[in-house]
Each structure stands twice: as structure tokens, then as C-alpha cells.
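Thanks for coming. Please look at the sequence and the model on the screen, and I will go through them piece by piece.

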Amino acid sequence: MPFDPSFILISVIVILVLSVLMFIVSRYRRCPSDRIMVIYGKVGTSKDGTAISAKCIHGGAAFIWPVFQAYQYMDLTPMSISVDLRNALSRQNIRIDVPSSFTVGISTEHGVMQNAAERLLGLKLVQIQELAKDIIFGQLRLVIATMDIEEINTDRDKFLEAVSGNVESELKKIGLRLINVNVTDITDESGYIVALGKEAAAKAINDAKKSVAERDRDGSIGEANARRDQRIQVASADAEAIKGENESLAQISQSNATRRELDAESLRRATAAEKIASAKSLQEAYSAEQEAEAARAAREKATQEADVLVKAEIQKRKLELDAEAQAEQTRRIAKGQADAIYLKMEAEARGMQELLTKQALGYGKLVESAGGDALNATRMMLADKMEELMKVQVEAIKGIKIDKVTVWDSMGGKEGAPATANFLSGMLKSIPPMNEMFKMAGMELPEYLGKDNKGAEAPEVLEKTEAKAETPVE
């Protein structure tokens, strides 16, 4: 099977596209959050037209052009630097030791980050720590030289603020930022700081002793004043208590007298009220009994009347309901019978209509098969029913029982014919003629059965008609 050139071309194009995509993906670099990606080489120009030495990216991604660009990462991990400063000269020309520790890291601020890319890219962590340590040493000595030992020792916040400001401003020049400063202890060889400490301690002790003595004095004075006030207040309270007790006793006696008067008055009123209430209760009881008797009589009368009236009303209502139920039953029976008759007659009418419709359809088919001649169709129907018609005529005389026929033929017939022949001919003439039967049915006997003006055909005509009927119709 020969190769299709177009297939080969498409395959080559697909391979090239995939290769380009893989190359683009391989040159697309993402910067982690704990690093700075520095792209150097041909990275563009600034606003003033000067070439940019490097491009710093933190927390993003960029495409690195091959040949023209390269990239490196700078770690943002904080670095702890121990600075054991010895013999630093203060403003008082007293040398002190300031051991401290500094925490620094590469800054992510846009100008400072560019300084880090230009001055720290490619350096190891130890080298960066040494460089930062030299800067910190110099700035720490400078700050100590501008401050007194008392300020350094007592006002640590001011000292740390001055150190942080000077050190951080210098660290930004190489792309670093100051994270934390911790000064552990400050000492000097002359013992000045120790003496200041002892002086402060002695002063604090003396102040404490003085404060304690003053507090003891104030406590004694306060205690004596409290005792005096206590005795005065107790005596005053006792006098007030005695006075209050006497007044209370007098008020109690007066209250007891008033209470006894009120008790007597209350007893009198209660006795009178009880008697009045007893009389009123008897009167009310008699009135209530009288009203109860009247109510009981009225209730019994109403009960008897209600029994009679309710029974009569119930009987009346029962008769009315029975009559209504009987009438409703009669109406429903009559309606059901009428509906049944109506449905029966409707069904019979539909059956008759269906029968007549089918007969009409069958007659129409018969006429259609007879070539559209209704007379020939009627003849065909009569020919089909001829056997039944003959049976009907035979049934007319079938029930006649003739046990015995005795004929005395006197030859008195017409033109000397035997009388017996006239008898049989008369008996057969008593059977209804076929032509009359058809007339009673509203039909007319076909000509091939033979008929004359009076309803009977001559024998010659009958023979011709029969012969014509036997001729098949084309």
C-alpha cells in the first residue's frame, strides 16, 4: 500500500507543533512564594532608555527566552546573625560590650529587591551573613557613640529604634531588610553600669524603707483616729438606741390600746353582721325554696308537654319521611321502567335500522351484480326464495286431515267431464294464488311466472317466460 504524502506532511507538522509546545513549556518558569526569581540577560530598558540589568519576580511566572536570557533563584529564608560587639565607645568615652542578635532577610520590596539581584545574586548564605554582619557592626558602633550609657541602659526602646533605623537603611542598599533586633545584655569593663545598678538599687531600697516608715506612721495615726471615732460613734449609737427603745415602748402601749378598741368594735360589728346575715340567709333560703318549687312544677309541666309534643312531632315526621321515601321509590321505579323501555325500544330500533341497512346494502350489491337492473335482481331473489314459498303453500293444506274420501262420480262435470276433477280443481283454487300473495306484499309477480290482465297468464306465455328465464343472462 503506497504512503500518502499528505499524511506524512500532517505528521511532520504535528510533531513540530508538539515540539514547539514542549519547548515553550520547558522554558516557562514559575517562582515559588519563598524565593525570588531573577531573570538576567536581555530583559528590556527602563523609562530613561538605560538597559535593565535584571528582572525580579516574586510569586509569579515568566517565559525565559533561550540564549538571550537566564534565571536564578534567591532564597527568602530569614537569617539569624549573632553580633558580639566588644569595647564600643559611648558618648561618655566609656567602652561597653553590647552582645545582640539580628534577624535579616532578602527584601521583596521593588527597589530593594533589584538591589539584592544586583549585589547578592550568586552569593552563598554564609557570604550574605558576613556582609550583613559587617554592616551591622559599623552601624551599631555609630549608634552607641551618639548615646549615653544611661540612655542605652534605661531607655532600651529608644536604643533599639535608633539601631533599627540606621541598620535597616544600610541593609536596603544591598537588598536586605531588618526583621528583628534583640539586645541580650550590656556590660562595661570599668563597672560603671554595675555602679549605676547599685545606685539605683540603693535608691530604690531607701525609697522603699522611707515609704514603709511613712506607711507605718500613717497606720498608727489612722488607728488612733479610728478608735476615737469608734468610741464617739458607739456612745451616740447607745443614746439613740435607748431613746428609740423608750419611744418604741410608748408607741407599743398606745398601739395596744388602740388595738383593743378596734377589737371590741370589730366584735360588735361582727356579731350584728352575723345576726343580720343569718336572717337574710333564712329569708333568701325561703325565697329560693319557693322559686325552686315553682321551677320544678314548671319543669315537670314542660317535661310532660315535651314528651307528648315530641312524640307527636316524631310520629308526624316519620310518616312524612315514609311517604316521601315511598314516593321517591315509586318515581325511581317508574323512571327505571321508562328508561328500560326506552333503552329496549332504542336497541330494537337500532337493530331494525342495522338490519334494514344491511338488507339495503345487500340489495344494492345484488342490483349492482345484476348490472344495475332492479327487475333482474328481484327475479334472482324470488328464484332463491321459491323453495320457501312453495313450502308455505304446502303448509297451508298440510294440516288438513282426510281420513277417507268417497266420490260418487255422476260425470256431471262440464262437457261431460268427471265431477271428481272439478272437486280437486276447486280445492286447489281455495289456496291463495301466488300473484295475490305478491300484491298483498306490495310487489308484482315477474312476467316469467306468467300472468294475464286478470292476474293469470296463458299457458303458452308461461312456457315462453320459463324458457326465457332459463336463458342465462350475459
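Let me start with contacts. Among contacts in this protein between residues at least 6 apart in sequence, 65% join residues at least 24 apart. Contact here means heavy atoms within 4.5 Å.

Before going on, two notes on the source. This is a predicted model, in which local features need pLDDT of at least 70 and side-chain atom pairs count only at pLDDT 80 or more, while totals for chains, interfaces and linings use all residues. Residues are numbered from 1 along each chain as its sequence is written, and side-chain values use heavy atoms, with hydrogens and water left out.

Now the overall picture. The protein has ten helices and nine strands. Both are DSSP runs, numbered from the N terminus: helices are H or I with at least four residues, strands are E with at least two. Of the 474 residues, 16% count as buried. Buried means under 20% relative accessible area, exposed means over 50%, and partly exposed is in between, with a 1.4 Å probe and protein chains only. The accessible surface comes to about 35600 Å², and 58% of that belongs to carbon and sulfur atoms. Those areas come from the Shrake-Rupley method with a 1.4 Å probe, and for residues only the protein chains shown count as cover.

Next, the core. In soluble globular proteins, nonpolar side chains tend to be buried together. A nonpolar core, as used here, is a set of buried Ala, Val, Leu, Ile, Met, Phe, Trp, Tyr and Cys residues joined through side-chain atoms within 4.5 Å. Which residues have the most contacts inside the largest nonpolar core? They are Ile-144, Phe-159 and Leu-176, in a core of 41 residues. Helix α3, residues 125-145, gives the most to this core, with seven residues. Take Phe-159 and leave aside its neighbours within four places in sequence: Phe-159 is in contact with Val-98, Leu-140, Val-143, Ile-144, Met-147, Ile-152 and Val-183. There is also a second, separate core of seven residues, and among them are Met-37, Ile-39, Ile-57 and Ala-62.

On to cysteines. How many disulfides does the structure hold? The number is zero, where a disulfide is a pair of cysteine sulfur atoms within 2.5 Å. Cys-31 is in no disulfide, and the nearest cysteine sulfur, that of Cys-56, is 9.6 Å away.

Now charges. Side chains of opposite charge can pair when their charged atoms come close. The structure holds 18 salt bridges, a salt bridge being a side-chain nitrogen of Lys or Arg within 4 Å of a carboxyl oxygen of Asp or Glu. One of them joins Asp-148 and Arg-91, at 2.8 Å from N to O. This pair links distant parts of the chain, 57 residues apart: Asp-148 is in the loop between α3 and α4 (149-154), and Arg-91 is in the loop between β6 and β7. Asp-148 counts as buried, at 19% relative accessibility, whereas Arg-91 is partly exposed, at 46%.

Two further pairs sit in helix α6, which covers residues 192-369. Glu-300 and Arg-296 have their closest N and O atoms 2.9 Å apart, and they lie four residues apart, about one turn of the helix. Glu-300 is partly exposed, at 37% relative accessibility, and Arg-296 is partly exposed at 37%. Arg-331 and Glu-328 meet at 2.5 Å, N to O, and are three residues apart, again about one turn. Elsewhere, salt bridges that share partners join Asp-84, Arg-86 and Asp-97 into one network.

Last, the backbone. Most residues other than glycine have a negative phi, and most peptide bonds are trans. Val-67 is not a glycine, yet it has a positive phi of about 70°. Val-67 lies in the loop between β4 (61-63) and β5 (69-75) and is exposed, at 84% relative accessible area. Asn-93 also has a positive phi, near 60°. Where is Asn-93 placed? Asn-93 is in the loop between β6 (79-89) and β7 (95-106), and at 61% relative accessibility it counts as exposed.
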